[in-house]
Amino acid sequence: MSTKTPVAITTSDWHIRGTVPASRAESDWYEVMDKRIAQVMKLQDELGGAPVIIAGDVFDNPNPHSEVARWGINALRHMAEVGPIYAIPGNHDLNYHLMDNHTKGAYGLASDFGFTNLIPGKWTTIEHAGYKVALWPMPWGYYEVPEKSVKADAKIAVAHKYMYSSKDKTYVGADEEGAVTGHTAWGKHFDVIAIGDNHISWRAGKFLNHGSLFSMTSAQKSHEHLLGIVYSDGSLETVTLPEEKQWKEVYVPPESTSKAEALLAELAATELDAVAFDDLLDRLEGVLSDGARAELRAIRQAD
């Protein structure tokens, strides 16, 4: 029988919000989030209060309505009663996607009251159940690997960076820079690389991209979030906590025969859903001509 001990739980892309995503049919999103976070808390409790590490995009918006910020902070504080929480900011947590703004807005408030924000550029060493766990944060836009190692039972990189393991885990036409094969050198520094940003979950050896905690769009009907359990020997296990989901039907007009037309119809159905909109823009890029794709990317980068 194995004697290894769970020392951390990794996750990402919670996108705490107050409104129901356009494709979901539930009437109360707070109730949906309550049930989902309760699942994570139950796992945390079963694993002896192991620290939870969130790899970015805790909130859906850097400056949500005060009701959303209050709900999120209270939920995180309640969870921290079971075990500590550590996090890095993702692009959705940052005003103008700038790290200098990480202390502002909902993420900054939550880091004061609900979790510990991990500072990039240095190791953070924590202890659980008598074991040392070293965390190396790579928040949005900060992807330097450590120059020096550290003594620990488990070393975890916590990154918010769009990456994919294979073509079926990304959008058509995705840049090769995001391929996990281009990041294999990270493996020599860490036992586990916990990743956020890509809402499609996957695992490739030490690399774990959790996917979104909640299924947001109709394209995610079969999606399941992957939670990572890191053990005292540096090994990694993945688990899923099945999410209860109710869906609206997305209407595609009969005359919409092309992929682009179908995507545009689905874009219209997303209304002002930021997460759904970003995901669908990624998919739209894949069916455009090279010139149109370049123009769309220029617009998105400018924004």
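**View 1. Strand 3 in the predicted model: side-chain directions.** Strand 3 spans residues 85-88. Ile85 and Ala87 point one way. Tyr86 and Ile88 point the other way. All of these residues are buried.

**View 2. Strand 3 beside strand 2.** Strand 2 covers residues 52-55. The pairing with strand 3 is parallel and has 4 bridges. Within it, isoleucine 53 has tyrosine 86 of strand 3 as bridge partner.

**View 3. Strand 3 beside strand 4.** Strand 4 comprises residues 116-117 and runs parallel to strand 3, with 2 bridges between them. Alanine 87 has asparagine 117 of strand 4 as bridge partner. Here too a right-handed β-α-β unit is formed, from strand 3, helix 3 (residues 105-113) and strand 4.

**View 4. The largest nonpolar core.** This core holds 38 residues. Trp14, Ile16, Ile54, Val58, Leu76, Met79 and Phe115 touch the most other members. Two or more residues each come from helix 1 (29-46), strand 2, helix 2, strand 3, helix 3 and strand 11 (226-231). Helix 1 gives the most, with 8 residues.

**View 5. Surroundings of methionine 79.** Leaving aside residues up to four places away in sequence, methionine 79 touches Trp14, Ile37, Val40, Met41, Gln44, Val52 and Ile85. Methionine 79 is also among the residues of the largest core that touch the most other members.

Note on methods: Residues are numbered from 1 along each chain as its sequence is written. This is a predicted model: local features need pLDDT of at least 70, side-chain atom pairs count only at pLDDT 80 or more; totals for chains, interfaces and linings use all residues. Side-chain values use heavy atoms; hydrogens and water are left out. Buried means under 20% relative accessible area, exposed over 50%, partly exposed in between (1.4 Å probe, protein chains only). Two strands pair if DSSP finds at least two bridges between them. A crossover is right-handed if, with the strands pointing away from the viewer, the path from the first strand over the helix to the second runs clockwise. A nonpolar core is a set of buried Ala, Val, Leu, Ile, Met, Phe, Trp, Tyr and Cys residues joined through side-chain atoms within 4.5 Å. Contact means heavy atoms within 4.5 Å.
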